[in-house]
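Subject: Structure handover

Hi,

Here is the structure I promised to pass on to you.

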Amino acid sequence: MSETRKRVLLVDDDPDLLRLIGLRLTAAGFDVAKAANGQSALSQVAVFRPHVVVTDLRMDGMDGMALFDALSERHPTLPVIIMTAHGTINDAVAATRRGVFGFVTKPVDKNELIEHISEAIRINGTTAVVPDKEEWRGRIVTQSPLMEDVLGQAQRVAQNRASVFIGGESGTGKELLARAIHDLSPRAKAPFVAVNCSAIPENLLESELFGYRKGAFTGATRDHQGLFKAADGGTLFLDEVGDMPRSFQVKLLRALQEMKVRPVGATLDEPVDVRVISATHVDLEQAMAEGNFREDLYYRLNVVTLLLPPLVKRPEDIPLLAMHFLRDLVSSYGDQVKGFSPEAMEALVNFQWPGNVRQLRNVVEQCVALSTTPLIPVTLVQRALREAPSAFPSLQEARDQFELNYLIRLLQMTRGNVTQAARLAKRNRTEFYRLLSRHGMNPSMFKAGGEPAGDVQQPS
């Protein structure tokens, strides 16, 4: 069985027609397996792993639509093309509403059938039915060679305690991969603790990660266990580590080097045993070059690097993910939706997905919520794609935008007087200069006449 030739499972109870069409498809470059009835076809799917099933409609026992129903339950992304000598408009409409990819009449035109098969493979991806995945990676839905390569690396690194850095665009599934590594590791029975570093204010990072003692600060009415201790024996996933303030990075580096943490308000260190996996959408090498990320911390976190490809680089996963999300969502919105029309699936496959898998799920959810037909039409997908944000801002991006607007307003109000602006912001001058520098702002731009304000020199 060739891995490069596309595989077609042909099902018909007429042995002569089965042989004739099989010869034609073989001559066209397909690997063909033949089944004389629906039950035989079901048993062959798991072994032959077809890319497309072509079946007669009228057969004794399990007919073509019954076979389609059985296949769609077990392999929902496997396209099925129906052939019939008894075709009517009603048959075709009923079949396509239920999710059948194509409908051709006998005598079958060879070129028409080959065109249908080629289009089904193009829209639904090039990878066929695959055996059930191992439990550790069960949450990751993929049939992409790029993703399989990343998962192969993850499988190898899971057995040791080396720190792993996961790179990739927002929405590509970095936390899912981190959890999969944990589930395959010897630490699987211990906690997996995930923390988004960009979501915790700078002044709370230390107490959240390391914990604190009662009375350490106002409001500390009891001892609090930090996330390092919560993950003891297991895995600590530091998401968006690139957004971690530089002032805290040296404290994290010390904790990782010594595997000890000191809770806020404590006088003694406490040992911890954690495997650290980190991730970010930020280019850390560029951040190091700009002085925003410590080089020694980078190499401590980045012992092994795994890079998740964006969704646009794994188009064969789009139909698989879309159907996975659809099945997951129909229970919430009603089970009348069965799938996507071929045109709707083609629109999904051809979209660029700047928001990656997260955006795809959002679009599928909108379509499922609004669809009034068993098959989601292309018009609904197109509307969802137009309305979907090209890339929904992360919390950190939204926070940075607010901060920038806030600083601009302050400097406009004070005409570039940093002392006054810092006083209004209830921040000291040094910290305020740091904020301005982070956003690349020059206070003199806001002084009347464009002349530098009297206090714009940064303190030494």
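Before the sheets, a word on pairing: two strands count as paired if DSSP finds at least two bridges between them. Helices (H or I, at least four residues) and strands (E, at least two) are DSSP runs, numbered from the N terminus. This is a predicted model, in which local features need pLDDT of at least 70 and side-chain atom pairs count only at pLDDT 80 or more, while totals for chains, interfaces and linings use all residues. Residues are numbered from 1 along each chain as its sequence is written, and side-chain values use heavy atoms, with hydrogens and water left out.

Five strands make up an open sheet with parallel pairing, in the order 7-10-13-6-14. Its edges are strand 7 (192–196) and strand 14 (304–307), each of which pairs on one side only. On average, neighbouring strands here are turned by 20° against each other, direction ignored; for such values, axes are lines fitted to C-alpha atoms (for helices over the stretch in contact), and angles run from 0 to 180 degrees between N-to-C directions. Within the sheet, four bridges link strand 10 (residues 235–239) and strand 13 (residues 275–280) in the parallel sense, and Leu236 sits opposite Val276 of strand 13. Helix 6 (residues 145–157) packs on this sheet and touches strand 6 (164–167), strand 13 and strand 14, its direction making about 155° with that of strand 14. Contact here means heavy atoms within 4.5 Å.

Leu301 counts as buried because its relative accessibility is 2%; buried means under 20% relative accessible area, exposed over 50%, and partly exposed in between (1.4 Å probe, protein chains only). Apart from its neighbours within four places in sequence, Leu301 contacts Ser163, Val164, Phe165, Val241, Leu256, Val276, Ser278 and Phe293. Its C-alpha atom is 9.4 Å from that of Ala279, which is 22 residues away along the chain.

How enclosed is strand 4 (residues 80–84)? Five of its five residues are buried, so strand 4 is largely enclosed by the rest of the structure. In a regular strand the side chains alternate between the two faces of the sheet. In strand 4, Val80, Ile82 and Thr84 point one way while Ile81 and Met83 point the other, and all are buried.

On one side, strand 4 runs parallel to strand 3 (residues 52–56), joined by four bridges. Val53 is opposite Val80, and the bridge partner of Val54 is Ile81. Between strand 3 and strand 4 the chain passes through helix 3 (residues 64–74), giving a right-handed β-α-β crossover; right-handed means that, with the strands pointing away from the viewer, the path from the first strand over the helix to the second runs clockwise. Strand 4 also pairs with strand 5 (residues 102–105), in the parallel sense and over four bridges. There, Ile81 stands opposite Gly102.

**Helices that pack together**

Two packed helices are described by the angle between their axes and the distance between the axes. Angles under 35 degrees count as roughly parallel, over 145 as roughly antiparallel, 65 to 115 as roughly perpendicular and the rest as oblique.

- Helix 2 (residues 38–48) and helix 3 pack at about 20°, with axes 10 Å apart, and are therefore roughly parallel. Gly38, Ala41, Leu42 and Val45 of helix 2 meet Leu67, Ala70, Leu71 and Arg74 of helix 3.
- Helix 13 (residues 317–333) and helix 14 (residues 342–350) pack at about 120°, with axes 9 Å apart, which makes helix 13 oblique to helix 14. Ile318, Pro319, Ala322 and Met323 of helix 13 make the contact with Met345, Leu348 and Val349 of helix 14.
- Helix 5 (residues 110–124) and helix 14 have axes that come within 9 Å and cross at roughly 45°, and are therefore oblique to each other. Here Glu119, Arg122 and Ile123 of helix 5 meet Pro342, Met345, Glu346, Val349 and Asn350 of helix 14.

Enjoy exploring it!

Best wishes
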